[in-house]
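Reader: I would like to go through a protein interface with you, term by term. Please give the general idea and then the case at hand.

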Amino acid sequence: MNLPGTRQSLVLGVAAQVALAIALASAVVFAAIYSEVRHSTRALAQAAIDADLAGLVEADAAEGPAGLSRRIADRLAFSPGAGDKPYYRLEDSARRVLAGNLPAWPDARPEVSPAGQLRLGDGATVQYRATLLRGGYRLLAGRAVNGAEAWLARLAGLFAAALVAMAALAFAIGRAAGARLNARLAAIGVVLGAFGREGAPAAAPVADPGDEIDGLTAQINSLLERTRHLLAARQELSNIIAHETRNPLMHVSARIARARAQGLTGEVDQQLAAAQDSIRQLQRMLDALLDIAASEAQRGEMNSLPELDLAELARRLVELYQPSAEDLGLRLEAEIAPQVPMRGEPVQMSSLIGNLLDNAFKYGAGGGWIRIAVAPGPVIVVEDRGPGIDPALREGIFERFRRAARGGASPAGHGLGLALVRAVAERHGLTARVEDGPGDEGGRGARFVIA
Amino acid sequence: MSAPPRILLIEDEAAIAALVREALEEGGFVVDWCDHGEEGLRVAAAGGHDAIVLDRMLPEIEGLSIVRRLRAAAVAAPVLMLSALARAEDRVEGLDAGADDYLGKPFEPFELVARVRALMRRATNPLPGAVMLFGELEVHVKARRVHRAGQHVALSPREFDILKFMMDHAGDVVTREMLLREVWGLNFDPQTNVIDVSMSRLRQRLDEGFAGPVIETVRGAGFRLLGGVAP
């Protein structure tokens with residue numbers, strides 16, 4: 001089980017690396033041991049051959065070539081098993097064979113008493129030493145080493161098998177340990193991924209006494225817990241603010257309504273009606289602030305968002321705004337893709353597009369033209385041919401209560417529209433920016449891009 | 001004369017409860033008041049009420065869970081949820097939980113009464129006839145034709161939807177929020193008067209050639225069809 005969003009397994013890679021490292025280290029150790037064993041085995045055999053040859057040389061000194069030949073014949077007669085069968089060859093100065101069983105003289109110069117190995121036609125491997133005797137005679141003594149060589153080959157095979165087994169075992173253990181590690185990481189990932197969703201597990205499992213991962217998990221759990229508390233506290237505060245302002249306003253509003261129901265006329269009634277409007281405006285501002293706060297608190301938290309078709313939403317909004325555009329003498333062009341699926345909160349996304357259109361209607365109406373484009377991504381573009389926005393002021397207009405930053409008359413509104421646009425965009429993992437629009441002589445125009 | 005409709009009011013704050021109660025009683029309803037969520041649930045489950053007015057923020061039990069439990073217990077009476085949580089997202093939450101309507105505080109007494117009446121009418125007469133009549137207006141639902149005092153009035157599809165919705169609530173105030181939700185399928189709080197613009201177009205079409213209006217704007221609340229017949 002891999003963590004969501006991972007393409008390759010860290011654990012599998014580590015297991016393979018450990019297996020490779022163990023294989024390499026074992027190979028070096030095995031090679032050193034094997035080479036030492038082979039060297040000692042051959043040195044032992046050579047020592048026996050050298051001793052044998054020394055005995056024969058002494059015999060030659062004491063008894064001459066005839067005696068030597070006899071000795072050789074004797075030794076061959078006592079030859080033990082084929083495993084370390086002795087081989088000899090005695091030649092005179094004319095290269096005639098006087099004694100011995102070696103079929104041919106190897107490519108070795110007896111003047112330097114060389115040692116070596118040769119292979120015979122019957123498959124025997126013979127280790128030997130040759131030497132030059134008095135009178136130009138030359139002598140070679142050797143012994144078959146097939147037994148020792150076969151043993152060395154078996155040893156090498158054993159080492160190779162052990163090497164493969166160790167590497168495989170290391171890989172298997174690494175993988176199994178890795179799979180357990182992965183499962184534990186995935187358990188944490190599941191809790192983190194589900195955070196904020198309805199019915200999500202509150203904490204990842206922690207063993208007691210725990211290891212490093214349990215320690216990390218415990219810290220993650222406490223961070224999640226704190227985040228949950230902060231979110232709950234924020235929600236509670238915003239509910240309290242709503243409750244504690246709206247209930248008193250409710251009384252004020254009801255009293256005003258009752259007073260007006262008495263049949264007031266003229267100045268008094270107008271003042272009371274204006275007071276009611278002020279109350280409604282205050283509420284709208286409060287709601288917008290709470291909307292912004294809610295979006296900011298959920299920034300980037302996409303898990304709990306439902307699937308929605310932004311194109312459908314945008315079409316409905318354009319239809320809603322079209323009559324207002326006509327009343328203002330504006331051409332409202334819409335370029336909306338057939339479908340723009342995204343994860344989004346419909347109320348918030350409606351507010352985002354609505355606020356962009358409101359904004360374009362308020363400030364861009366002078367240009368007589370507004371265009372909205374919605375494309376997969378999602379990318380939302382709303383542009384106008386109004387006076388546009390001074391580059392130095394562009395960042396500021398997305399901040400709260402910055403409506404004064406835009407030149408010209410300041411239309412009615414709570415000055416929170418674009419702050420809400422940015423908060424909603426960021427809540428959905430998008431950014432909000434403004435650039436020069438397709439302006440003409442009327443002004444530079446403004447283009448708002450949410451992407 | 002039949003017995004006056006009974007409303008169950010579940011609201012913990014006495015001052016607000018008094019306001020609501022007064023408004024409803026002036027509107028001709030009999031009001032039973034519970035200041036406690038659990039008690040309210042019990043009374044509601046016992047039946048006998050034509051509608052329930054429920055505050056969302058009760059101290060010991062959330063209004064949302066009361067609605068869910070009422071629905072689970074198959075209580076038929078429609079529920080109007082009152083709340084200081086009045087943002088569009090809050091309203092959607094309340095309606096999703098099973099409330100039939102949602103009214104943000106502060107509200108004006110007549111709006112509350114209008115909403116409760118609309119709820120009860122919806123509950124008792126959910127299917128409108130093929131022809132709806134109100135005052136001088138005659139709306140043929142299937143053919144999507146409208147007549148005022150016998151004269152055909154040409155409307156755009158959207159204008160027809162608005163009028164049809166207002167006929168469903170004839171005589172009562174429909175708010176901008178209700179229109180936005182039911183006619184345009186949108187839930188949010190527009191910052192400009194987009195609804196009023198559409199409404200004034202509908203009005204122009206309906207009033208052309210007539211002396212008096214058929215739609216009245218109720219300041220701060222919404223719009224209402226006028227039932228009077230021109231002399």
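Author: What follows covers the interface and then the confidence of the model. This is a predicted model, in which local features need pLDDT of at least 70 and side-chain atom pairs count only at pLDDT 80 or more, while totals for chains, interfaces and linings use all residues. Residues are numbered from 1 along each chain as its sequence is written, chains are lettered from A and ligands numbered from 1 in the order written, and side-chain values use heavy atoms, without hydrogens and water.

Reader: How much area do chain B and chain A bury between them?

Author: The size of an interface is often given as the accessible area lost when the parts come together. Here buried area (1.4 Å probe, summed over both parts) is about 3,700 Å², 56% of it on carbon and sulfur atoms. In chain B, B:Arg87, B:Pro106 and B:Gln191 lose the most area to chain A, together 18% of what that side buries.

Reader: How many salt bridges are there between chain B and chain A?

Author: A salt bridge is a side-chain nitrogen of Lys or Arg within 4 Å of a carboxyl oxygen of Asp or Glu. The count between the two chains is five; one of them joins A:Arg258 to B:Glu22, at 3.0 Å from N to O.

Reader: Which residues of chain A have pLDDT under 50?

Author: pLDDT is the predictor's confidence in each residue, from 0 to 100. Where pLDDT is low, the predicted coordinates should not be read in detail. Chain A averages 85, and 93% of its residues score at least 70, but pLDDT stays under 50 over residues 407-411 of chain A.

Definitions and conventions. Buried area is the accessible area (1.4 Å probe) that two parts lose on being put together, summed over both. Contact means heavy atoms within 4.5 Å.
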